[in-house]
Amino acid sequence: VHDRALPFTQEDLAASVPSGAVTVISPLWAGEFPESLLPFISSHASLVVADIQGFIRQIVDSKVAVVRPDSLDFLRFIDVLKIDSAECAVLTGLPVESGVPIIQQLLKNPDSVVLCTHKEGVTVSNGTDTYTALFGPYSIIGRTGRGDTCTAAVLACLLAGLPIERVASEAARVTAVKMRSPLSPATL
């Protein structure tokens, strides 16, 4: 990694975040979107969706490292949080099945949602229920775009009012279709 974007400022956001909007925060590195801006966003947005990578992924000796912050208090401003299995382990020291419900309890509301991608599929928790859906028969090649695709699918399903079990299954299905090998069947 040779360069990083400058961090957003509250002035940047004040001009671009309409009141009541769904706001997705998905920076690549810690510091691009300072945690200190989350209260401002939370007070203006109807729903705050964030990818944890932008708060815990750092550059250490020119290499990418996932580092647990001293405090996870910033999570209380997030309604929907995307993590992956490695990030779950860094944040909680636990595997997905045990770690996701713990992270969910740190979010904005009792019914806030955590989605956790892993090599087999996606786990989605809303504080009451936790479901895992597998990616299916597709040959998943690499990870580029997996989290963004899964986040978009989860958000669309939540906004459509689908039950959490269906949110998980649809997110896994959409992500599998996007990530499939070119040699896989081109069927939905």
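Is Ser 125 buried or exposed, and what is its relative accessibility? In this structure, Ser 125 counts as buried because its relative accessibility is 2%, where buried means under 20% relative accessible area, exposed over 50% and partly exposed in between (1.4 Å probe, protein chains only). The structure is a predicted model, in which local features need pLDDT of at least 70, side-chain atom pairs count only at pLDDT 80 or more, and totals for chains, interfaces and linings use all residues. Residues are numbered from 1 along each chain as its sequence is written, and side-chain values use heavy atoms, with hydrogens and water left out.

Ser 125 belongs to strand β7, which covers residues 121–125. Helices (H or I, at least four residues) and strands (E, at least two) are DSSP runs, numbered from the N terminus. With neighbours within four places in sequence set aside, Ser 125 is in contact (heavy atoms within 4.5 Å) with Val 100, Pro 101, Gln 104, Ser 112, Val 113, Val 114 and Thr 130. Between the side chains of Ser 125 and Thr 130 there is also a polar contact of 2.9 Å. A polar contact is a pair of N or O atoms within 3.5 Å; within protein, one must be able to donate a hydrogen and the other to accept it, and residues adjacent in sequence count only if both atoms are side-chain atoms.

Strands of a sheet pair through backbone hydrogen bonds, either parallel or antiparallel. Here, an open sheet with mixed pairing is formed by six strands in the order β1-β2-β5-β6-β7-β8; two strands pair if DSSP finds at least two bridges between them. At the edges stand β1 (22–25) and β8 (130–134), each of which pairs on one side only. The pairing of β7 with β8 is antiparallel and runs over five bridges, and Gly 121 stands opposite Leu 134 in β8. Helix α7 (residues 164–179) packs on the sheet and touches β6, β7 and β8. The direction of α7 makes about 25° with that of β8; axes are lines fitted to C-alpha atoms, for helices over the stretch in contact, and angles run from 0 to 180 degrees between N-to-C directions.

Most residues other than glycine have a negative phi. Asp 61, in the loop between β3 (57–60) and β4 (63–66), has a positive phi near 55°. Ser 62 is found in the loop between β3 and β4 and has a positive phi near 65°. Asp 61 counts as exposed because its relative accessibility is 72%, and Ser 62 is exposed, with a relative accessible area of 54%.
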